[in-house]
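Subject: Structure for you to look at

Dear colleague,

I am passing on the structure we spoke about, and my notes follow directly below it. Please read them with the model open beside you.

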Amino acid sequence: MSALPTTHREVRLTARPEGPLRPDHFHTAEVALPEPGPGQVLVRNRLMAVAAIMDTVIRGADGLPVPPAAPGAVPDGPAIGTVVAAPGTGLRPGDLVSHGRGWREYAVVDAADVERLDPGALPDPAAHLSQGLIAWLGVVRGAAVRPGDTVLVTAAAGGVGSLAGQFARLRGATRVIGTTSSREKGHRLVAELGYDVAVTRDAGPVEDQLRAAAPDGVDAVVDNVGGDQLLAALAVARRGARIGLIGSLAAQLSGSFAAPTRIDTGSLILGGITLRGISGSDHLDAIPEWSREFGRALRDGTLVFPHTRLPGIDQAPRALCELLAGRHVGAVLVEL
Ligand SMILES: NC(=O)c1ccc[n+]([C@@H]2O[C@H](COP(=O)([O-])OP(=O)(O)OC[C@H]3O[C@@H](n4cnc5c(N)ncnc54)[C@H](OP(=O)(O)O)[C@@H]3O)[C@@H](O)[C@H]2O)c1
């Protein structure tokens, strides 16, 4: 422990935002290096991820399984790093681990909340910070994608959507359609992420574009957006279509997790259409199958982990704000 610095940096929330989240809602503080107690682990964080759900948690919302981040507090978020000290635990200095206390250069974490990672398990350890599990759940358990399906993924360029389209293809989908904000991002969906066609919000009504992209309708939907995009998906859903509800970005990014949407339940009944909400915490049993499939696909190159890395802890607020504004494709990571 003697070669360690006496201080490190962490990012704190300064105020709960009223409008869109901005970098000045955070500040970077230099604080004393924390010391692990018995059964705790001191980790030198190396890489953290930001995600849309953090905006929702920072604002707080009824029904979320976690309390809102209080002003002055360091937000939580996934990170990977190396163990520095772990007295009284089975972990050793140098072990690669993941945990939920990002936004700081060093973290003290209860050993029970740390997962030891096999450094060789994935071609790039950064992929441990992917939203791959929820993307896989959306495809496999939410939309129950089958070979031959035409699949729609909304918010297809995001951390979840950029992997959901690829998992749909691996599960045998023959046509994969993704929605995003701009034609420019739409080109990247097709060129880099294996989508057949992109539907973009800057090119007219989503439903009209969907009818053109899928004249026979869609069999399966992984919906990250809700609202009008969910209604457009339902308008083109084929008989027996399966809709996995993963997120409600349209409402979330307007400041509400609640996403009331007026759905014609009669057409669901007549069409035998299933809507299934997926909360990742209900599906932890899927982790072994997902991680085998994810690791194998990354290693054999049938799946890529699209992401952007921003250098330095003081870039974390910008990373989150840019992700929310749709400035990137795939996950957004910060090197710590
Ligand atoms: N169910 C679960 O257990 C679970 C777990 C994790 C995450 N999630 C949810 O999964 C969803 C996707 O998360 P993520 O981290 O991958 O987010 P993300 O898609 O990486 O980030 C936000 C994206 O939303 C899009 N966007 C911005 N404004 C929008 C609007 N008005 N309408 C539609 N899209 C808009 C932007 O992409 P474009 O520029 O392409 O529009 C932006 O890139 C979120 O709702 C998140 O809460 C659910």
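Are Phe 167 and Phe 294 buried or exposed? Both Phe 167 and Phe 294 are buried, where buried stands for under 20% relative accessible area, exposed for over 50% and partly exposed for the range in between, with a 1.4 Å probe and protein chains only.

Two remarks on the basis of these notes come before the rest. This is a predicted model, in which local features need pLDDT of at least 70 and side-chain atom pairs count only at pLDDT 80 or more, while totals for chains, interfaces and linings use all residues. Residues are numbered from 1 along each chain as its sequence is written, and side-chain values use heavy atoms, with hydrogens and water left out.

The structure holds three aromatic pairs, a pair being rings of Phe, Tyr or Trp (its six-membered ring) with centres within 6.5 Å, called stacked when the planes are under 30 degrees apart, edge-to-face when over 60, and tilted otherwise. The rings of Phe 26 and Trp 103 are stacked, because their centres are 5.5 Å apart and their planes are at 10°. This pair links distant parts of the chain, with Phe 26 in strand 2 and Trp 103 in the loop between strand 5 and strand 6, 77 residues apart; helices (H or I, at least four residues) and strands (E, at least two) are DSSP runs numbered from the N terminus. Phe 26 counts as buried at 6% relative accessibility, and Trp 103 is buried at 0%. The rings of Phe 167 and Phe 294 have centres 6.2 Å apart and planes at 45°, so that pair is tilted. Since Phe 167 lies in helix 3 and Phe 294 in helix 9, the pair ties together parts that are 127 residues apart in sequence. Ring pairs also join Trp 290 to these two phenylalanines in a cluster of Phe 167, Trp 290 and Phe 294.

Turning to the sheet, six strands form an open, parallel arrangement in the order 10-9-8-11-12-13, where two strands pair if DSSP finds at least two bridges between them. Its edge strands are strand 10 (197-200) and strand 13 (274-277), each of which pairs on one side only. Five bridges join strand 11 to strand 12, and Ala 220 has Arg 242 in strand 12 as its bridge partner.

For the chain as a whole, there are 10 helices and 15 strands, and 51% of the 336 residues count as buried. The C-alpha trace spans about 65 × 45 × 35 Å along its principal axes.

Best regards
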